[in-house]
Amino acid sequence: MTYKLDIVKHRNKYFIVTIAIVLVSVLSLLVQGLNLGVDFKSGTRIDITIAPNVSLEKSRTVLEDLGYQKPNIRVGGPQKEILIFRTDKVLSPDEVKKIRDNFSKAFNKNVSVQEQKVDPIIGLETARNAMIAVLIAAVCIIIYVSLRFEYRFAVAAVLSLLYDALFIIGMFSLFRIEVDLVFVAAVLTIVGYSINDTIVIFDRIRENMDLHKPKTWDELAEVVNTSINQTLVRSINTVLTVVFAAFALWLLGGESISNFSLALLFGLISGAYSSIFVASPIWIVWKWHSLQKQKQKRLATE
């Protein structure tokens with residue numbers, strides 16, 4: 001089945017939508033920033049497994065009695081049985097034990113505690129390494145796509161990937177979702193997925209370019225629209241199957257991979273959009289501009 005969507009005709013609308021999403025994401029990052037987990041800054045995160053539907057107010061009272069003013073806590077787990085407490089202070093073993101004992105006494109049952117500590121040096125190093133990983137991935141993609149296709153395809157692909165990454169980061173900033181190491185893994189996973197989807201479309205564009213050799217704007221637009229429509233069913237089916245899996249992980253996978261699964265969901269939706277509505281329109285505008293410049297040079301030399 002082949003669709004007849006005219007993506008190129010409405011490219012300016014997609015550009016406006018894309019720019020609006022980018023502006024919202026950037027504004028959120030500037031105003032709110034990211035809700036960084038202990039992986040990226042000094043502090044301690046303690047997961048206290050108590051009982052299903054644990055009382056948040058009672059838990060807050062226990063921590064306040066221990067001297068933690070306005071404690072940063074939330075409830076997690078499939079049955080809302082885990083209390084997640086985060087503090088900027090690196091707690092000692094005795095302090096962690098005291099928290100466990102007080103919760104056991106307050107809820108009249110034995111509770112289990114898992115702690116995660118990060119000092120300032122490790123937090124800064126983790127953040128730097130995450131940025132380096134994303135930059136290395138982008139550079140490798142540009143080199144590969146430039147060699148395999150052409151540099152215009154490479155730049156268009158990377159711009160769409162930057163949009164995907166910014167969209168995920170912006171959503172986590174907007175909704176104040178905690179950012180940790182698995183979030184970085186999710187972003188890199190989406191980068192790999194999205195570039196794969198984009199390359200499939202670009203490969204079909206290249207084949208149709210060699211076959212039809214367009215010389216006018218309408219012919220070039222027809223090549224791009226045809227290529228997108230020929231791969232649209234494949235793109236939709238692929239993204240839906242992965243979205244179903246990511247949604248199941250987010251729903252049933254537990255607290256440890258919840259943010260990873262949510263980042264995947266955001267990224268899969270963004271990647272499907274950018275591959276079709278961002279990367280290809282960017283390429284055709286740039287390609288047409290280059291063809292016009294080449295035509296003007298030929299006319300000038302004649």
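Student: Among contacts in the chain between residues at least 6 apart in sequence, what percentage join residues at least 24 apart?
Tutor: This is a predicted model, so keep that in mind as we go. Take the contacts in the chain whose partners sit at least 6 apart in sequence, then keep those with partners at least 24 apart. The share that remains is 79%.

Student: How many helices and strands are there in the chain?
Tutor: Reading from the N terminus, the elements go α-β-β-α-β-β-α-β-α-α-β-α-α-α. Sort them by kind and you get eight helices and six strands.

Student: What radius of gyration does the chain have, next to a compact globule of 302 residues?
Tutor: Start with the spans of the C-alpha trace along its principal axes, about 90 × 40 × 30 Å. A compact globule of 302 residues would come out near 19 Å, but this chain has a radius of gyration of 25 Å.

Student: And what share of the 302 residues in the chain do buried residues make up?
Tutor: A residue counts as buried when its relative accessible area is under 20%. Across the 302 residues of the chain, the buried share is 44%.

Student: Let's do helices. At roughly what angle do the axes of H1 and H8 cross?
Tutor: H1 covers residues 11-31 and H8 covers residues 258-301, and their axes come within 10 Å. H1 passes H8 in a left-handed crossing. The two are oblique to each other, and the crossing angle is roughly 120°.

Student: Which residues of H8 make the contact with H1?
Tutor: On the H1 side, look for Arg-11, Tyr-14, Phe-15, Val-17 and Thr-18. By class, the contact has nine nonpolar, one polar and one charged residues. On the H8 side you'll find Tyr-273, Phe-277, Val-278, Pro-281, Ile-282 and Val-285.

Student: Are H6 and H8 roughly parallel or roughly antiparallel to each other?
Tutor: H6 spans residues 181-212, and its axis lies 8 Å from that of H8, at an angle of about 30°. Angles under 35 degrees count as roughly parallel. So H6 and H8 are roughly parallel.

Student: How do the residues of the contact of H6 with H8 divide into nonpolar, polar and charged?
Tutor: This is the pair where H6 passes H8 in a right-handed crossing. Sorted by class, the residues of their contact are 18 nonpolar, eight polar and two charged.

Student: Where does Arg-176 lie?
Tutor: Arg-176 has a positive phi of about 55° too, although it is not a glycine. At 36% relative accessibility, Arg-176 counts as partly exposed. You'll find Arg-176 in the loop between helix H5 (151-174) and strand E6 (178-179).

Student: What distance separates the C-alpha atoms of Tyr-144 and Ala-154?
Tutor: Tyr-144 belongs to helix H4, residues 120-148, and is partly exposed at 47% relative accessibility. Tyr-144 and Ala-154 are 10 residues apart along the chain, and their C-alpha atoms are separated by 7.9 Å.

Student: And how far are the C-alpha atoms of Gln-296 and Ile-199 separated?
Tutor: Gln-296 sits in helix H8 and counts as exposed at 52% relative accessibility. Gln-296 and Ile-199 are 97 residues apart along the chain, with their C-alpha atoms separated by 30 Å.

Note on methods:
Residues are numbered from 1 along each chain as its sequence is written. This is a predicted model: local features need pLDDT of at least 70, side-chain atom pairs count only at pLDDT 80 or more; totals for chains, interfaces and linings use all residues. Side-chain values use heavy atoms; hydrogens and water are left out. Axes are lines fitted to C-alpha atoms, for helices over the stretch in contact, and angles run from 0 to 180 degrees between N-to-C directions. Helices (H or I, at least four residues) and strands (E, at least two) are DSSP runs, numbered from the N terminus. Angles under 35 degrees count as roughly parallel, over 145 as roughly antiparallel, 65 to 115 as roughly perpendicular and the rest as oblique. A crossing is left-handed if the near helix is turned anticlockwise from the far one by less than a right angle, and right-handed if clockwise. Contact means heavy atoms within 4.5 Å. Ala, Val, Leu, Ile, Met, Phe, Trp, Tyr, Cys and Pro count as nonpolar, Asp, Glu, Lys and Arg as charged, and the others, Gly among them, as polar. The radius of gyration is taken over C-alpha atoms; the globule rule is 2.2 Å times the number of residues to the power 0.38. Buried means under 20% relative accessible area, exposed over 50%, partly exposed in between (1.4 Å probe, protein chains only).
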